[in-house]
Amino acid sequence: MELTSSGAGRSEVVAVRWARAVDAFGRVDGSAVTQMLDAAMIRLFGGPNPYRDWAGAKRRLGIKVNTIRCQAFSHPELASALARGLVSAGADPARLTVWD
C-alpha cells in the first residue's frame, strides 16, 4: 500500500494506492478499501480511532456519494467502510445517511 499526503494550511489531501484494491476485472476488494481508508484517516487525524471526532452521538452524519458512471464515481465499498468506521466509533446508525 502506498500512502502519500500533501498540503499546508487549511487543506490536506491523502492519497492511498494499492493494487490489491481492484482486480484485473474491476472488482473492488472491500477489505482492502477498508484498510486503505483507515490508513488515510489515521494519517489525517491521528490516534487509534480517527473517526471518533466525527461520530458524536447527537450528530447527524451524511456521506455524499457520486453514482454517475465515470472515472470519479464512489464505490459502495468505500461508503460502507466509512459508515462502519463511524458506527464503530459511536455514531448512531439511525442518524447516518448515505445519499447521491
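**Loop between H1 and E3**

I looked up Pro48 and found it in the loop between H1 and E3. Here helices (H or I, at least four residues) and strands (E, at least two) are DSSP runs, numbered from the N terminus. The model is predicted, so I kept to its rules: local features need pLDDT of at least 70, side-chain atom pairs count only at pLDDT 80 or more, and totals for chains, interfaces and linings use all residues. Residues are numbered from 1 along each chain as its sequence is written, and side-chain values use heavy atoms, with hydrogens and water left out.

Is Pro48 buried or exposed? Pro48 is exposed, because its relative accessible area is 77%. I noted the cut-offs: buried is under 20% relative accessible area, exposed is over 50%, and partly exposed is in between (1.4 Å probe, protein chains only). I also checked Pro48 against Thr4. They are 44 residues apart in sequence, and their C-alpha atoms are 19 Å apart in space.

Lys58 is in the loop between H1 and E3 too. Lys58 counts as exposed because its relative accessible area is 76%. From Lys58 to Gln71 I count 13 residues in sequence, but 35 Å in space, C-alpha to C-alpha.

Trp54 also has its place in this loop, which runs between helix H1 (30-45) and strand E3 (61-64). With a relative accessible area of 33%, Trp54 is partly exposed.

**Nonpolar patch**

Which residues make the nonpolar surface patch? Leu44, Phe45 and Trp54 do, and the patch covers about 270 Å². Patch members have over 30% relative accessible area and no salt bridge; like charges are joined within 9 Å, nonpolar side chains (Val, Leu, Ile, Met, Phe, Trp, Tyr) within 5 Å. The areas come from the Shrake-Rupley method with a 1.4 Å probe, and for residues only the protein chains shown count as cover.

**Largest pocket**

Next I looked for space. The largest pocket holds about 620 Å³. Its lining has 25 residues, and the closest to its centre are Val33, Leu37, Ala40, Leu78 and Leu82. Strand E2 (13-17), H1, E3 and helix H2 (76-88) are the elements that give two or more residues to the lining. H1 gives the most, with six residues.

On a 1 Å grid over the protein atoms alone, a pocket is an open set of points where a 1.4 Å probe fits, with protein on both sides within 12 Å along at least five of seven lines; lining residues have an atom within 4 Å of a point. The volume is the space filled by probe spheres set on the points, which are joined across faces, edges and corners.

What kinds of residue make up the lining? I found 21 nonpolar, three polar and one charged. Ala, Val, Leu, Ile, Met, Phe, Trp, Tyr, Cys and Pro count as nonpolar, Asp, Glu, Lys and Arg as charged, and the others, Gly among them, as polar.

**Salt bridges**

How many salt bridges does the whole structure have? The search finds three. Each needs a side-chain nitrogen of Lys or Arg within 4 Å of a carboxyl oxygen of Asp or Glu.

- Arg20 pairs with Asp29, with the closest N and O atoms 3.3 Å apart. Arg20 is partly exposed at 39%, and Asp29 is partly exposed at 24%.
- Arg27 meets Asp23 at 2.8 Å, N to O. Arg27 is exposed at 52%, while Asp23 is partly exposed at 31%.
- Asp100 pairs with Lys64, with the closest N and O atoms 3.0 Å apart. Asp100 lies in the segment after strand E4 (96-99) and Lys64 in strand E3, so the pair ties together parts 36 residues apart in sequence. Lys64 is partly exposed at 48%.

**Two other loops**

I looked up Ala19 in the loop between E2 and H1. Ala19 counts as exposed at 71% relative accessibility. Met1 is 18 residues from Ala19 along the chain, and their C-alpha atoms are separated by 7.6 Å.

Asp92 lies in the loop between H2 and E4. At 32% relative accessibility, Asp92 counts as partly exposed. How far apart in space are Asp92 and Gly56, C-alpha to C-alpha? I found 8.2 Å, for residues 36 apart in sequence.
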